[in-house]
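Work through the exercises below with the structure open beside you. Try each task before you read its solution.

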Amino acid sequence: MQIERVVVEDLSPVRKRVEIEVDAREVQGELDRAYASVGRDARVRGFRQGRVPRAVIERMFGEQIRREVLARLVEHSFQHAIEERQLDVVGSPEIDADGLTPGESLKYSATVDVRPVITVGDTGGLEIARPAHAVADAEVDQVLEAMRESAAQLRPIEDRTTVAEGDVVTMNVTSRIDDGEPQRREGVLVEAGSGTFPLALDRQIVGQQRGAHLTLEVPYPADFGNAVVAGKTVRFEVEILTLKAKELPPLDDDFAKDHGRATSLADLRAKVRADLESEAAQRADAAVRDALLEQLIARHPFDVPPSLVDRRCEALLAAFDVRIPKGPEGEQLLDRLRADVRPRAEREVRADLLLDAIAAAHGVTIDDTGLDAEIDTLAQHQQQAPERIRAFYERPEARSALRSRLRRERALALVLGEAKVVAQGNAQ
C-alpha cells in the first residue's frame, strides 16, 4: 500500500494522534477494482450481466462502494502505519475521516491509546508483613452453629398466631421501588427478628398476626450497598402465611457423623479448624501479594491507557450482574456504577501492565506445555463437564488470556521470592 505521509502527535505518554495520507493512485486503484468487481456481478435491468456501464454502477452503487473502499483503505493503511512507527496500540482507534474523492489522496486521523513504556527499576529489598491467621475457638463454634442451622427442622406452630422473635415466617412479599414495576415473591422464608431482611423488615413483623396484610415503606440511605435501591423508598406489601419453630439438632457425635463427615464431634471440630486455617492462610497469601503489588506500583509511576480502564470497568460491571432499568434513570445509575468501579479498574490495569513489564524484563515465558498443564488442572477441578473447560481453552483468545495471567503470576512470584516476608507485628 502506498502511503504518502504518516505523522504521529503525542497527546500523552499513552495517547497518540496519527495523521495518515494514502496516495491518490492507491485510492483510485482501489475504487477501480471495487467498481469492476461490482460491475461483473451486478444485475441491472436493460443490461447483460458484466456489461453494465460504469456510470450506471456509480449512480446505483457508488455511495455504498465508496463507503466500503474507505473502510478497507483505513483498515489497511492504519495497520501499515502503526507497524511502520512501531506503535503498541491497545483498544480500538477513533477514526476521523471524510469521504473518498476519486483522483485525490485520502487524508484521515486516528486517535489511539498505546501501551506505556515502563522501565522496570529495582524490585528487590521489599519487605511485606504477612497477616497473622490464627483461628479462634469462637470461629470454630460459629461454623458448627451454622451447620446446625442448615440442618434445622421446621415444626408448624399451632398453639399461637402471633409472630414471636425467632419464628420462621412464610410470607408473600411484593416490593415496588418508587413508581416502578412491582416485584412479587411468594413463599419467602424469614426468621423474625434476625435482622437478615432488608433494613430490619423482619423485625417489623414481630408481634403481627398470622394472616395479616402489611404495607411497609422503607427509605434506603444514599450509600446503601445495592445501587438499585440506594437513595430510594421501597414499598413492601407483606402477607404473613404460616409460623414455624426452628428446632436445631444437638451438637454431639451423632450430629458429626450425620452432617460433618467425621467420626466424632472432636473429629468434626478438628476438620472445621483445619478448613478455617487453610482459608485464613489463603487470605494471608492474597494480602501479601496485594501489599507487594502496592509497593511495586508505588516504585513505578506511569500513565494508564484510558481505553483499557474503560474496558475493565465494563468487565467488572458485567461480573456484578446488576439489573439496570431502562431509560435516563438507568443511564444515570450506570454512570454512578462506572464511577464507583473505576478506581479498582485502573488499579487492576496498572498492576497487569507492570507485571507484563516485569515478566518481559526477566524473560518470563509460558510455553504450550505449561499452558496445557494448567488447563488440565482447571478441568480436573471442574466437577461437572470438565470437557467444557478444555473446549473453552481451544479458543485462541482464551488461551492467550490464560497465558497472560500465568505469566503475570509467575512474574509476581519471582519478585515475591526476593522479598522479605515477616509475620505481622514483627516487621522492622
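This is a predicted model. We start with one residue pair.

**Exercise 1. Strands around β10**

Task: Find which residue of β10 stands opposite Q153. Then work out how β10 pairs with β6, β7 and β9.

Solution: 
- Step 1. Go to Q153 and look across to β10. The residue opposite is E247.
- Step 2. Now take the whole strand pair. β6 (residues 153-156) and β10 (residues 233-247) are antiparallel, with four bridges.
- Step 3. Move on to β7 (residues 168-177). β7 runs antiparallel to β10, and ten bridges join them. As a check, V169 faces L243 in β10.
- Step 4. Turn to β9 (residues 213-219). β9 and β10 are again paired in the antiparallel sense, over seven bridges. Here V218 stands opposite V234 in β10.

**Exercise 2. A residue in β6**

Task: Describe the surroundings of L154. What does L154 touch, leaving out residues up to four places away in sequence?

Solution: 
- Step 1. L154 belongs to strand β6.
- Step 2. List the contacts. L154 touches V168, K244, A245 and K246.
- Step 3. Classify the exposure. The relative accessibility of L154 is 36%, so L154 counts as partly exposed. The class lies between the cut-offs of 20% and 50%.
- Step 4. Compare sequence and space. L154 and F302 are 148 residues apart in sequence. Their C-alpha atoms are 59 Å apart in space.

**Exercise 3. An open sheet and its helices**

Task: Give the strand order of the four-stranded open sheet. Which strands stand at its edges?

Solution: 
- Step 1. Write the order: β1-β2-β4-β3, with antiparallel pairing.
- Step 2. Find the edges. β1 (3-12) and β3 (89-97) each have a single partner strand, so one side of each lacks a neighbour in the sheet.
- Step 3. Read the twist. From one strand to the next, the twist averages 20 degrees.
- Step 4. Inspect one pair. β2 (residues 15-22) and β4 (residues 106-114) pair over eight bridges. Within this pair, K16 stands opposite V112.
- Step 5. α2 (residues 54-84) lies across β1, β2, β3 and β4, at about 55 degrees to β4. α7 lies across β3 and β4, at about 110 degrees to β3.

**Exercise 4. Two helix pairs**

Task: Describe how α7 packs with α8, and α9 with α11. Is each pair oblique or roughly perpendicular?

Solution: 
- Step 1. Two packed helices are described by the angle between their axes and the distance between the axes.
- Step 2. Apply them to α7 (residues 306-320) and α8 (residues 328-361). The axes come within 7 Å and cross at roughly 120 degrees. That makes α7 oblique to α8. The crossing is right-handed.
- Step 3. Look at who meets whom. Among the α7 residues in this contact are L316, L317 and F320. The α8 side includes L334, L337 and V341. By class, the contact has 13 nonpolar, no polar and nine charged residues.
- Step 4. Name the partners. D368, L371, D372, E374, I375 and L378 in α9 meet R399, L402, R403, R405 and L406 in α11. Five of these residues are nonpolar, none polar and six charged.

Technical notes:
Residues numbered from 1 in each chain as written. Predicted model: local features only at pLDDT ≥ 70, side-chain atom pairs only at ≥ 80, totals over all residues. Heavy atoms only, no water. Axes fitted to C-alpha atoms, helices over the stretch in contact; angles between N-to-C directions. Parallel < 35°, antiparallel > 145°, perpendicular 65-115°, else oblique. Left-handed = near helix turned anticlockwise from the far one by under 90°. Contact = heavy atoms within 4.5 Å. Nonpolar A, V, L, I, M, F, W, Y, C, P; charged D, E, K, R; others polar. Buried < 20%, exposed > 50% of the residue type's maximum accessible area, 1.4 Å probe, protein only. Pairing = 2+ DSSP bridges.
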